[in-house]
Amino acid sequence: MNFLEQYNYWIVILLMMSGFYIVIAHGNLIKKLMGLTVFQTSVFILYISISKVIGGTAPILDDQYTVYSNPLPHVLILTAIVVGVATTALGLALAVRIKEAYGTVEEDVIQEKDLQQEGSAE
Amino acid sequence: MIQHLPILQVIIPLLAAPICFILKEARLVRWFVLIANVMAFVISIMLLQQVNLHGTLVYSLGGWEAPVGIEYRIDELNAYLLILVTSISTITLMAAGKSLTKEIPESKITYFYIAYMLCLTGLLGIVTTGDAFNVFVFLEISSLASYTMIAMGNDRRSLWASYQYLIMGTIGATFILIGIGLMYMMTGTLNMYDLAERLPEVEHTKTVFTAFAFFLVGVCLKLALFPLHLWLPNAYAYAPSIATVFLAATATKVAIYVLLRFIFSVYGFEFSFSHLPLTEILVSLGLLGVIAASIVAIYQTNIKRLFAYSSVSQIGYMILGIGIGSKTGLTATMLHLFNHALMKSAIFLALAGVVYRVGSVNIKAFAGLGKQMPWTMAAIVVGGLSLIGVPLTVGFVSKWYLVLALLESNWWPIAVLVMIGSLLAIAYIWRLVEVAYFKPALQNNQSYKEAPLAILIPAWIFVIANIYFGIDTSFTVGVSEKTAELLFGGAR
Amino acid sequence: MRLKPIRIRSRAIEILINVILLAFLAITALSLAFTKDLFASVMLTGIYSLLSAAFFVLMDAVDVAFTEAAVGAGISTILMVTTLTMTGRFENRKLHHPKIALSVVIVTGVMLVIGTMDMPAFGSDTAPAQVHLAPYFIMQSGEDIDIPNIVTSVLASYRGFDTFGEVVVVFTAVIGVLALLEFSRKDNESAEKPAPMSQHKILRIVSKILIPPIMLFALYVQFHGEYGPGGGFQAGVIFASSIILYAMLFGIEQTRKAVSMPVVKVLAALGVLIYGSVGIVSMLNGGNYLDYNALAESNITGQHVGIIIIELGVGITVATAMILIFLTFARRIGKTNEGTA
């Protein structure tokens with residue numbers, strides 16, 4: 001196994017994991033969504049790395065070229081980007097409503113308020 | 001038109017959604033949605049007929065044959081699941097008109113119906129497709145729609161529950177995306193049946209192993225396998241009642257379908273169970289889920305939440321059945337998948353009736369309801385008995401097969417634990433029964449009337465199904481055995 | 001054209017850019033984890049998207065780069081900033097079980113690293129992904145569909161149903177956002193506030209000049225997708241951004257007067273229906289769902305017609321969806337701040 005051959009993938013893993021870490025470790029709801037964006041974008045980088053052919057060119061047919069990079073992952077990621085922004089939009093909308101209902105967007109404060117509410121309900 | 005049935009199954013509810021957005025008027029939308037649902041239900045029955053006549057149906061979308069294009073592929077397993085999803089969705093919708101007016105502001109009801117249709121579309125799309133990436137796309141449609149529905153609950157906690165579900169669901173979807181990407185990397189294809197053919201060549205690589213692991217974890221997040229279930233209890237507890245019924249009865253079931261498809265049809269029994277310690281993982285997580293979630297359920301004061309935890313434990317049973325890795329085990333899973341949908345639909349619909357009249361599902365509010373709302377409470381009790389696994393209910397049938405499968409593999413200690421799980425179910429059902437039937441109504445309680453018929457009748461359709469399929473088991477057992485056979489038969 | 005020999009000679013530079021871009025991405029991601037200022041975090045997220053767009057160009061994924069730049073660095077950033085005006089600028093210092101989180105992340109990361117052990121080498125042209133389906137698309141799409149941009153061929157025709165699903169996802173997001181944030185304001189409350197940027201004469205004039213070319217560019221991208229990077233999705237986002245720019249400068253209520261909301265909503269649904277009905281028409285003409293060959297006498301014409309119409313559907317839904325989402329968010333600002341102040 002060649003070290004350099006896998007270099008791209010290892011960095012991509014590092015990127016994915018930093019996004020993933022932000023999602024689970026941070027308590028601010030907006031920050032979590034940013035982490036999610038980074039996590040997803042990094043997965044896109046993984047896909048696009050798969051599609052690359054060294055010496056190839058963008059998959060737009062032209063008589064000058066014979067080697068093209070793989071167009072299929074590009075298509076998948078176009079779809080995934082859209083899915084990603086749709087999720088972000090919905091998540092942000094939820095965060096706004098949570099701010100209105102709870103007065104905060106910090107996870108621990110929200111959970112505390114929920115516990116209080118449950119305590120007072122009984 | 002007959003050959004187009006597979007796609008019509010999905011695009012009828014799909015196109016209904018934007019049309020509803022144009023129609024706007026809630027009452028109009030309601031009828032329109034109901035008609036679209038009935039059509040989807042009829043199509044699912046016709047599809048089953050076609051499958052029985054001609055065997056597996058293959059439909060190439062855009063006229064491009066797979067693996068170049070995306071194909072829909074329907075065999076008996078898909079066909080039965082489609083019937084399950086569309087029938088439950090249709091019956092649930094009958095109760096929606098009444099229930100929603102109490103729980104959702106007038107101006108948002110149209111949005112709820114649209115989200116409902118989109119969620120249904122997503123679920124149907126997942127079940128019909130034969131393309132791994134298409135699964136991801138439709139999974140996201142159904143997920144985004146369910147986040148929306150859950151957030152429309154009238155308690156502020158519904159927002160928080162929806163947000164948590166969004167985060168965990170998206171992590172799950174991203175894991176699935178990683179899994180699909182790695183599979184594609186090693187095989188160059190996205191079609192499930194092409195994957196099944198090409199995976200054996202590379203099945204010893206670590207990449208394929210990782211792909212499988214990520215896909216599995218992602219799906220298990222979606223189906224709320226213990227300990228990845230954290231999003232589920234609050235989501236079910238605070239969502240509008242109709243959303244709870246629909247999601248509890250169908251969404252997790254479809255996730256289990258995806259799990260089965262990939263374990264058995266794509267990777268194959270050989271790979272999943274001999275190369276990997278899948279038996280150990282699934283059996284131990286399943287058991288842990290059964291026991292832990294049941295215990296937590298006993299301490300709940302919010303009854304919707306109680307039954308949500310019960311859902312987590314019931315999912316444990318299904319996973320346990322898969323983990324056994326035998327035909328009988330899989331039969332038990334398939335049976336429980338069907339039966340659990342019936343139980344939870346009955347219970348949550350009856351709870352929708354309670355919410356409609358009483359406005360609360362706190363256990364204290366149930367005092368005296370046994371007398372005041374006898375039919376509603378009876379529906380919950382029958383559903384509860386079914387959860388416990390009392391003979392003459394469907395719950396008994398699936399537990400019976402599960403224990404049978406465990407004894408067949410000589411795992412009697414686990415069989416004992418499954419029994420203990422049932423005992424725990426008695427505990428949490430009993431708490432409710434005790435309050436409802438043996439406690440006098442609170443003094444300041446006004447007297448409550450029976451739930452409106454629009455909610456009660458759908459609930460009782462499910463209750464009767466619970467009993468009918470508990471007595472006449474030939475249909476469900478026959479189907480489950482056939483589909484288990486099919487899954488063990490390999491890809492095609 | 002003349003670029004080709006240079007390309008080969010510049011392999012070393014390409015690798016260098018690759019390494020640097022990835023390093024920048026890593027730095028951005030890590031600093032995002034440590035920044036407490038959420039406005040800075042939004043900017044970092046935007047930078048991250050832009051950098052990855054640059055990386056996508058390097059990886060020959062020009063369409064993806066275009067979309068990522070428009071969406072990740074554009075729309076998401078705007079939405080996040082808008083949200084921050086409602087939810088506050090700074091985050092709590094406290095992390096949530098950082099040790100457990102770290103261990104989960106490390107386990108996941110190690111799993112992935114194990115997965116890379118048997119991966120085909122990066123950029124190899126004999127990797128399974130390059131020899132199975134990809135050659136079909138590259139060799140046959142010219143014959144089957146006859147448009148130069150293979151990505152558009154695959155997106156709109158071979159995997160047209162995925163793209164349909166994608167449009168439905170956008171539509172679902174609109175429904176979700178409207179269900180959560182839409183509210184009807186009584187007439188007397190919608191008293192005209194001064195436009196937010198009324199002081200910034202230069203900004204207003206420059207933007208006013210810019211808006212028409214942006215719209216024109218959107219149309220170019222819409223109809224040029226077959227030949228170069230672009231298509232309905234990118235065009236929709238660009239078109240929406242011109243309206244968003246207008247809204248930022250002249251106020252939400254002003255924009256709502258200029259752009260009729262009920263019409264925008266109908267259009268959002270209409271885009272999905274246009275896409276869907278192309279499939280229905282091909283079914284009525286005896287083909288399978290979304291089989292564009294059935295749309296016209298000759299297959300190639302059918303494919304072209306089909307692709308143009310569905311791209312139009314995509315463009316309409318995406319543009320209106322982004323406008324609706326942004327305006328719904330922005331209109332909420334007043335209400336949220338009233339409620340929590």
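In this predicted model, helices from three chains contribute to the largest pocket: α1 (7-25) and α4 (107-121) of chain A, α6, α8, α9 (232-238), α12 (278-298) and α13 (303-324) of chain B, and α5 (98-116) of chain C each supply at least two residues of its lining. The space in this pocket comes to about 1,600 Å³. The largest cavity, by comparison, holds about 190 Å³.

**Largest pocket**
- The lining consists of 50 residues, and those nearest the centre of the pocket are M168(B), L221(B), P227(B), L228(B) and L230(B).
- Divided by class, the lining of the largest pocket has 37 nonpolar, seven polar and six charged residues.

**Cavities**
- The model contains 11 cavities of 30 Å³ or more.
- Twenty residues line the largest cavity, and L139(B), S142(B), K222(B), A251(B) and A255(B) are the closest to its centre.
- In chain B, α4 (109-128), α5 (132-151), α6 (157-187), α8 (206-222) and α10 (241-266) each provide at least two residues of the lining of the largest cavity.
- Helix α10(B) gives the largest share of that lining, with six residues.
- The lining of the largest cavity comprises 15 nonpolar residues, four polar residues and one charged residue.
- Helices α6 and α8 of chain B each supply at least two residues to the lining of the largest cavity, and each also supplies at least two residues to the lining of the largest pocket.

**Cysteines**
- Over all chains, the count of disulfides is zero.
- C119(B) takes part in no disulfide, and the nearest cysteine sulfur, which belongs to C20(B), lies 14 Å away.
- C119(B) is buried, its relative accessible area being 1%.
- C220(B) is likewise in no disulfide; its nearest cysteine sulfur is that of C119(B), at 19 Å.
- C220(B) is also buried, with a relative accessible area of 6%.

**Helix α3 of chain C**
- Helix α3(C) covers residues 38-58, a run of 21 residues.
- From its first C-alpha to its last, α3(C) reaches 30 Å, close to the 30 Å expected at 1.5 Å a residue.
- At the start of α3(C), a side-chain oxygen of D37(C) comes to within 2.9 Å of the backbone nitrogen of F39(C).
- Just after α3(C), D60(C) adopts a positive phi of about 70°.

Technical notes: Residues numbered from 1 in each chain as written. Chains lettered and ligands numbered in written order. Predicted model: local features only at pLDDT ≥ 70, side-chain atom pairs only at ≥ 80, totals over all residues. Heavy atoms only, no water. Helix = DSSP H or I, 4+ residues; strand = E, 2+ residues; numbered from the N terminus. Expected span 1.5 Å × (residues − 1). Polar contact = N/O pair within 3.5 Å; in protein donor to acceptor, adjacent residues only side chain to side chain. 1 Å grid on protein atoms, 1.4 Å probe; cavity = no way out; pocket = protein on both sides within 12 Å on 5 of 7 lines; lining within 4 Å. Points joined across faces, edges and corners; volume = space filled by probe spheres on them. Nonpolar A, V, L, I, M, F, W, Y, C, P; charged D, E, K, R; others polar. Disulfide = S-S within 2.5 Å. Buried < 20%, exposed > 50% of the residue type's maximum accessible area, 1.4 Å probe, protein only.
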